[in-house]
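Welcome! Here is a short briefing to read with the sequence and the 3D view side by side.

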Amino acid sequence: ITTQELKTLLLQNPKLTVIDVRSPEEFSTGALPGAINIPTSQVQQRLAEFKRAEPVYVICQSGTRSKLVTLALRAQGITNLVSVSGATSKSKSGYLH
């Protein structure tokens with residue numbers, strides 16, 4: 001989905017699960033409020049945090065890592081993931097705030 005679609009969903013339900021797969025350093029420079037930081041290097045060790053009944057929205061800087069993580073986890077049977085394209089790069093300009 002797009003950042004604008006995620007923004008609309010968050011306005012409707014601010015308790016949505018959003019996982020940011022950027023590095024801790026990137027995350028510390030600015031993150032979506034309420035997002036959980038699970039860097040790509042830790043995804044396999046923290047699979048349980050992706051396994052939820054409701055959708056999990058996966059974000060990163062440009063959308064590339066979120067798409068790769070989403071595809072890899074779907075191949076492992078975790079089907080509730082939604083990749084957000086261009087999330088944090090656009091959030092800095094107000095898309096998600």
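A nonpolar core is a set of buried Ala, Val, Leu, Ile, Met, Phe, Trp, Tyr and Cys residues joined through side-chain atoms within 4.5 Å. Buried here means under 20% relative accessible area, exposed means over 50%, and partly exposed lies in between (1.4 Å probe, protein chains only). The model is a predicted one, so local features need pLDDT of at least 70 and side-chain atom pairs count only at pLDDT 80 or more, while totals for chains, interfaces and linings use all residues. Residues are numbered from 1 along each chain as its sequence is written, and side-chain values use heavy atoms, with hydrogens and water left out.

**The chain as a whole**

- The chain has four helices and four strands; helices (H or I, at least four residues) and strands (E, at least two) are DSSP runs, numbered from the N terminus.
- Read from the N terminus, the elements follow the order α-β-α-β-β-α-β-α.
- The chain has 97 residues, and 40% of them count as buried.
- Its accessible surface is about 5200 Å², with 56% belonging to carbon and sulfur atoms; such areas come from the Shrake-Rupley method with a 1.4 Å probe, and for residues only the protein chains shown count as cover.
- Contact means heavy atoms within 4.5 Å. Of the contacts between residues at least 6 apart in sequence, 59% join residues at least 24 apart.

**The sheet**

- Four strands form an open sheet in the order β2-β1-β3-β4, with parallel pairing. β2 and β4 (81-83) stand at the edges with a single partner strand each, so one side of each has no neighbour in the sheet.
- Two strands count as paired if DSSP finds at least two bridges between them. In general, strands of a sheet pair through backbone hydrogen bonds, either parallel or antiparallel.
- On its β2 side (residues 36-37), β1 pairs in the parallel sense over two bridges, and I19 stands opposite I36.
- Which way do the residues of β1 (residues 17-20) point? T17 and I19 point one way and V18 and D20 the other, and all are buried.

**The nonpolar cores**

- The largest nonpolar core has 13 residues, and V21, V43, F50, V58, V69, L73 and L81 have the most contacts inside it. The elements giving two or more residues to this core are β3 (56-59) and α3 (64-75).
- A second, separate core has ten residues, including L6, L10, L16 and I59.
- Beyond its neighbours within four places in sequence, L81 is in contact with F50, V56, V58, T70, L73 and R74.

- Within α1 (residues 3-12), T3, L6 and L10 are buried. These residues lie on the same side of α1 because they cover an arc of only 60 degrees around the axis; the arc is that of the directions from the helix axis to the C-beta atoms.
- L11 and Q12 are exposed, on the face of α1 turned away from its buried side.

- T70 is found in helix α3 and is buried, at 2% relative accessible area. Apart from neighbours within four places in sequence, T70 is in contact with V58, L81, V82 and S83.
- N80 sits in the loop between α3 and β4 and counts as buried at 15% relative accessibility. Leaving aside neighbours within four places in sequence, N80 is in contact with F50, R52, E54, P55 and V56. N80 and A53 are 27 residues apart along the chain, with their C-alpha atoms separated by 7.3 Å.
- Is K51 buried or exposed? K51, in the loop between β2 and β3, is exposed, with a relative accessible area of 53%. K51 and L81 are 30 residues apart in sequence and 8.8 Å apart in space, C-alpha to C-alpha.
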